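This briefing is meant for a reader who is meeting the structure for the first time. Please look over the sequence and the model, and then read on.

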Amino acid sequence: MADKFRTTWFYSSLDTYTKKVGLLKNKEEQVYTERNVDFEEFASTLKQKYEEFDADGYDIINIVPIAMGQSEQCLQTTGNYVGDVGFSITRGAVIVGKLRDD
């Protein structure tokens with residue numbers, strides 16, 4: 001007999017952006033950013049999890065975001081350190097499903 005409730009979770013990659021590098025800044029490189037998640041991956045994974053739960057006879061009853069804290073140094077334009085800045089980003093989710101009463 002299947003469990004009445006089921007959970008799973010997922011974690012998404014950090015987003016990337018293109019940065020000019022090199023002595024003459026004529027090369028480009030993909031760099032991860034601590035401030036953004038790859039939302040295409042996030043949305044695709046969430047949809048996949050919904051489809052898996054549905055195919056197994058479960059209704060999604062709750063989604064709990066997984067937030068990760070970060071901090072960065074805050075510098076003045078002169079380069080003087082003035083403290084740290086804290087922020088959080090949603091990196092994933094815990095998904096809870098309940099078996100359908102068919």
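At the start of α1, which backbone nitrogen does a side-chain oxygen of Asp38 reach to within 3.2 Å? It is the backbone nitrogen of Glu40. This is a predicted model, in which local features need pLDDT of at least 70 and side-chain atom pairs count only at pLDDT 80 or more, while totals for chains, interfaces and linings use all residues. Residues are numbered from 1 along each chain as its sequence is written, and side-chain values use heavy atoms, with hydrogens and water left out.

**Helix α1**
- Helices (H or I, at least four residues) and strands (E, at least two) are DSSP runs, numbered from the N terminus.
- Helix α1 covers residues 39-55, and its end C-alpha atoms are 24 Å apart, which agrees with the 24 Å that 17 residues should span at 1.5 Å a residue, the expected span being 1.5 Å times one less than the number of residues.
- Phe42, Thr45, Lys49 and Phe53 are the buried residues of α1, where buried means under 20% relative accessible area, exposed over 50% and partly exposed in between, with a 1.4 Å probe and protein chains only.
- These residues cover an arc of only 75 degrees around the axis, which puts them on the same side of α1; the arc is that of the directions from the helix axis to the C-beta atoms.
- On the other side of α1, Glu40, Lys47 and Ala55 are exposed.

**Nonpolar core**
- The largest nonpolar core has nine residues in all, among them Phe10, Phe42, Phe53 and Ile89; such a core is a set of buried Ala, Val, Leu, Ile, Met, Phe, Trp, Tyr and Cys residues joined through side-chain atoms within 4.5 Å.
- Two or more residues of this core come from each of α1 and β5, and β5 gives the largest share, three residues.

**Salt bridges**
- The structure holds five salt bridges, each a side-chain nitrogen of Lys or Arg within 4 Å of a carboxyl oxygen of Asp or Glu.
- One of them joins Lys49 and Glu52 (3.9 Å, N to O), which both lie in helix α1, three residues apart, about one turn of the helix.
- Another joins Arg100 and Asp54 (2.2 Å, N to O); Arg100 lies in the segment after β5 and Asp54 in helix α1, so the pair ties together parts that are 46 residues apart in sequence.
- Salt bridges that share partners join Asp54, Asp59 and Arg100 into one network.

Note on methods:
A polar contact is a pair of N or O atoms within 3.5 Å; within protein, one must be able to donate a hydrogen and the other to accept it, and residues adjacent in sequence count only if both atoms are side-chain atoms.
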